[in-house]
Amino acid sequence: MRSSMTSKESSFLALPTGNHPIFFAYFPANISGPVVLGEMLSAGLGVQGMLWSTSPACTEIETRMLDWLGELSGLPAEFFSTSPTGGGVVQGTASEAELVAMVAARQRVRARNPNHGPLVAYASTQAHSAIQKAALIADVTSDLTADDHLRTIATDDRFRMRPDLLEKAIAEDIARGRQPFFVCATLGTTSSGAFDDLSAIFDVLSRSDFSRMGGWLHVDAAWAGASFVCPELRAPLEGIERADSLAWNPHKWLLTNFDCNAFYTRDKQALLSALSVTPEYLRNAASGSGSVIDYRDWQIPLGRRFRALKLWFVMRHYGATGLREHIRRHVALADKLEQWVNADARFEVVARSLSLVCLRLRPREGEQPASIDKRNALLLDRVNATGKTFLTHTVLPGVHGEPARYVLRIAIGGTHTEEQHVRACWDHILTESYAV
């Protein structure tokens, strides 16, 4: 039978998949031998981990694993299960974590301000689109237009949220009778890997009425959170003890397969108040005692898999030394790629963060922005059409009055990616660049 598939569509079928060492698109989706064994064992056990009573082992291992991972990442004790108010849980994705945090924030603000005005959330223009979806699902949009319920804050020349504009937006909303209730700061944005300045954001929230009214600060570190296992890469975490929640994905860069998000909060009671629904058929003596954790109350779905088991296998197998080596190796590869790009006068590095490099062809003399973008888009298409590597693009805001820029993203982080694969990717880019 004749195929109706176009040549372009068929070429995309030949692109490397997410676990291939020449896959540099989006962010890595790591996998490893130990995590496969953990996943197989979880599937074989068939655990339903919604309640402590349905599987004490599932609950207890998850509690312990999140504490261990938090310690390995340098998180303060306020986020651990040993704290009277904090704790961690495995969510499916960072998107789920943002929704859970927003629902908890809504509950806390409503409890402290029964007569509050329309709810407003804040995030930078570079925050992940999941924050928009969370706001829609949490139904904070009913009283305001889409642009008003979630205010996006412009960024500086390093693509970080501007604290001065955040402060101005919060003050404006309070003056208009609205209720600021949620701020999402990003550590490692998807487009450029930018790190919002947490300390500056905290200062803004302290000066405003945001904190007094019960406002919630969530920190999205979906990709970059894995780097915090390395002590020398923890500078962006400064002041994290003042955040209400933090989430990141071991399934992105820590040798753990999808899905596995580590979500931490300093206010588990807000979470429980927002998400606990207990019909008669879920009541049991253990839950009634108040001495156990029922993780069904920490997430959107009721049922849950034994996801902490695969995280345990990874941490037991690689240990702190192995996990740190994994991260450092990819950061070092990005260092080399940045050097290669800088050595070619036809290219420029637009943004660099950890193992992410954003680059583009430089403008020719007198070339218009639209033409520059078109050439870089054509270069991306030509590189991907070879089937020998896979890249994606993004559009980054202009700085100092310049127009926005179309750039190529090279996200290094595959389990088996080595220098030879990064070098081959750069060689493909160089080869195809002469045709555009």
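**Chat on a predicted model**

Biologist: Ser55, buried or exposed?

Modeller: Ser55 is buried, its relative accessible area being 9%. That falls under the 20% cut-off for buried. Keep in mind that this is a predicted model.

Biologist: Where is the place of Ser55?

Modeller: Ser55 sits in the loop that runs between helix H2 (33-45) and helix H3 (56-72).

Biologist: And what is Ser55 in contact with, leaving aside neighbours within four places in sequence?

Modeller: With those neighbours set aside, Ser55 contacts Val47 and Gln48.

Biologist: Let me step back. How many helices and strands does the protein have?

Modeller: There are 14 helices and eleven strands in the protein. Its radius of gyration is 23 Å, close to the 22 Å the globule rule gives for 436 residues, so the protein is as compact as a globular protein of that length.

Biologist: What box do the C-alpha atoms fill?

Modeller: Along the principal axes, the C-alpha atoms take up a box of roughly 70 × 55 × 55 Å.

Biologist: How many of the 436 residues count as buried?

Modeller: Buried residues make up 55% of the 436. The protein exposes about 18500 Å², and 53% of that comes from carbon and sulfur atoms.

Biologist: What about contacts between residues at least 6 apart in sequence?

Modeller: Of those contacts, 73% join residues that are at least 24 apart in sequence.

Biologist: Charges next. How many positive and negative side chains are there?

Modeller: The protein carries 45 positive and 47 negative side chains. The centres of the two sets are 3 Å apart.

Biologist: What does the count of salt bridges come to?

Modeller: The count is 28 salt bridges.

Biologist: Pick one. What does Arg207 form a salt bridge with?

Modeller: Arg207 pairs with Glu167 in a salt bridge, and their closest N and O atoms are 2.9 Å apart. Arg207 belongs to helix H8 (residues 198-207) and Glu167 to helix H7 (residues 163-175), so the pair ties together parts that are 40 residues apart in sequence.

Biologist: Does Arg207 count as buried or exposed?

Modeller: Arg207 counts as exposed, at 55% relative accessibility. Glu167, its partner in the salt bridge, is partly exposed at 28%.

Biologist: Another one, then. Which residue does Asp259 form a salt bridge with?

Modeller: Asp259 forms one with Arg305, the closest N and O atoms being 2.6 Å apart. Asp259 is in the loop between helix H9 (250-253) and strand E7 (261-265), and Arg305 is in the loop between helix H11 (285-289) and helix H12 (308-342), so this pair ties together parts that are 46 residues apart in sequence.

Biologist: And Asp259, buried or exposed?

Modeller: Asp259 counts as buried, with a relative accessibility of 14%. Arg305 comes out at 36%, which is partly exposed.

Biologist: Which residues are linked in a network with Asp259 and Arg305?

Modeller: Salt bridges link Glu39, Asp259, Arg305, Arg307 and Lys310 in a network.

Biologist: What about the peptide bond from Phe258 to Asp259, cis or trans?

Modeller: That bond is cis, and omega is near 5°. Most peptide bonds are trans.

Biologist: Phi of Leu255, positive or negative?

Modeller: Phi of Leu255 is positive, near 60°, and Leu255 is not a glycine. At 3% relative accessibility, Leu255 is buried.

Biologist: And what is phi for Leu354?

Modeller: Leu354, also not a glycine, has a positive phi of about 50°. Leu354 is in the loop between strand E8 (347-353) and strand E9 (356-361). It counts as buried, at 13% relative accessibility.

Biologist: Last topic. Where does Thr415 lie?

Modeller: Thr415 is in the loop between strand E11 (405-411) and helix H14 (419-433). With 11% relative accessibility, Thr415 is buried.

Biologist: What does Thr415 touch, not counting residues up to four places away in sequence?

Modeller: Thr415 touches Asn19, Asn30, Ile31, Leu255, His326 and Arg329. The C-alpha atoms of Thr415 and Ser32 are 7.1 Å apart, although 383 residues separate the two along the chain.

Key
Residues numbered from 1 in each chain as written. Predicted model: local features only at pLDDT ≥ 70, side-chain atom pairs only at ≥ 80, totals over all residues. Heavy atoms only, no water. Helix = DSSP H or I, 4+ residues; strand = E, 2+ residues; numbered from the N terminus. Rg over C-alpha atoms; globule rule 2.2 N^0.38 Å. Buried < 20%, exposed > 50% of the residue type's maximum accessible area, 1.4 Å probe, protein only. Contact = heavy atoms within 4.5 Å. Areas by Shrake-Rupley, 256 points an atom, 1.4 Å probe, with all protein chains shown as cover. Lys, Arg positive; Asp, Glu negative; His and termini not counted. Charge placed at Lys NZ, Arg CZ, Asp CG, Glu CD. Salt bridge = Lys/Arg side-chain N within 4 Å of Asp/Glu carboxyl O.
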